[in-house]
Amino acid sequence: MGWLLFPKGNGIFPERQLMPRDKLLGWRFQLQAACHGVGHTAVNFSYGAVAVSFTHTVKAMEPFVAAFISQTFFGKRVPFAVWLSLMPVVAGVALASAHELSFNWMGFNGAMFSNVAFAFRNYLAKEGLSDKLNSTNQYIHLSIISLLWCIPPIFMLEADKLLPAMQAAVASHGLWPFVFDLATVGLTYHLYNQLCFNAIEAFDRPLTASVGNVAKRCFVIGFSILYFGNAITPQTAAGTVVAILGVFLYSLVSAREKAKGEGKGGAAAQAA
């Protein structure tokens, strides 16, 4: 709403920028928007099936998935040392999954499928960013188009459930508390994802953005366990810690590999 009401921007909202029509309707941006919608849909399936802390533990696999997709589908070589640094992440998630009290395949697959969708989205977003359209404006366009992608499946699959569910919520909590909660959740969820998307512009590689996302997940896992009182086994806790430490190791190795690459590039330029 702020983006629509303040086209010139202010202290909170940036100046509104409109995406060129050919880019907005192009296959790359449309695929990015579809991945965005699918990723959020999948992770919400996971939230409904398993403990929130477990969903975010599986989401710690995002750097590994991003590395696999970058190298397999986009031809971006990932150094062997980086692959090795990601092995603890895989091992930690496997350990946590094997001993998770709320484990079921819908929850696990939903979280993993969202990893795949968001890895594609992050790569396409990073490649598509330009000086003419900052990340905030690009994300707003992305949110609007992904909503349009999601509307048909919603009414095809859940049209008969939507109104009864809303009526039940209003009957249980009251109209205005329901409206307030819905608006608050929508606003905070958008801002949460907006800031994550801004990180893609700030970082130089989509993989690094995935690591920043996992650092945020550390807080979410701990907070959800305390707030919701989710029971976890010692093995699940150990697996979560191993996965998070693996992400930290990955960030160190990735930074080292980047420094090495820049050093070689600088040496080659001087030699020329």
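How many disulfides does a search of the whole structure find? The search finds zero disulfides, a disulfide being a pair of cysteine sulfur atoms within 2.5 Å.

This is a predicted model, in which local features need pLDDT of at least 70 and side-chain atom pairs count only at pLDDT 80 or more, while totals for chains, interfaces and linings use all residues. Residues are numbered from 1 along each chain as its sequence is written, and side-chain values use heavy atoms, with hydrogens and water left out.

**Annotated spans**

The unreviewed UniProt entry places the feature "transmembrane region" at residues 80–99, 105–124, 136–155 and 238–255. Positions from UniProt are in the numbering used here, feature names are shortened, and annotations may be inferred rather than shown by experiment. Residues 80–99 are 95% helix and 0% strand, and the end C-alpha atoms of this span lie 30 Å apart. Residues 136–155 are 100% helix and 0% strand, with end C-alpha atoms 29 Å apart. Helices (H or I, at least four residues) and strands (E, at least two) are DSSP runs, numbered from the N terminus.

**Aromatic pairs**

The whole structure holds eight aromatic pairs. Rings of Phe, Tyr and Trp (its six-membered ring) pair if their centres lie within 6.5 Å; planes under 30 degrees apart count as stacked, over 60 as edge-to-face and the rest as tilted. Two of the pairs are F74 with Y123 and W105 with F108.

| Pair | Type | Centre to centre | Between the planes |
|---|---|---|---|
| F74 and Y123 | stacked | 3.8 Å | 20° |
| W105 and F108 | edge-to-face | 5.6 Å | 90° |

F74 is partly exposed, at 27% relative accessible area, whereas Y123 is buried, at 7%. Buried means under 20% relative accessible area, exposed over 50%, and partly exposed in between (1.4 Å probe, protein chains only).

W105 and F108 are three residues apart in helix 7, so about one helical turn separates them. W105 counts as exposed at 56% relative accessibility, and F108 counts as buried at 17%. Ring pairs also link these two with F54 and F103 into a cluster.

**Nonpolar cores**

A nonpolar core is a set of buried Ala, Val, Leu, Ile, Met, Phe, Trp, Tyr and Cys residues joined through side-chain atoms within 4.5 Å. The largest has 25 residues, and V58, V82, L86, V93, F108 and M112 have the most contacts inside it. Helix 4 (52–59), helix 5, helix 6 (80–98), helix 7 and helix 11 (234–271) each supply at least two residues of this core. Apart from this core lies another, of seven residues, among them F29, A33, Y139 and I145.

Leaving aside neighbours within four places in sequence, V58 is in contact (heavy atoms within 4.5 Å) with V93, F108, A111, M112 and N115.

**Two polar residues**

K59 is in helix 4 and is buried, with a relative accessible area of 3%. A polar contact of 2.9 Å joins the side chains of K59 and S114. Such a contact is a pair of N or O atoms within 3.5 Å; within protein, one must be able to donate a hydrogen and the other to accept it, and residues adjacent in sequence count only if both atoms are side-chain atoms.

N104 is in the loop between helix 6 and helix 7. A polar atom of the N104 side chain lies 2.8 Å from the backbone oxygen of A49.
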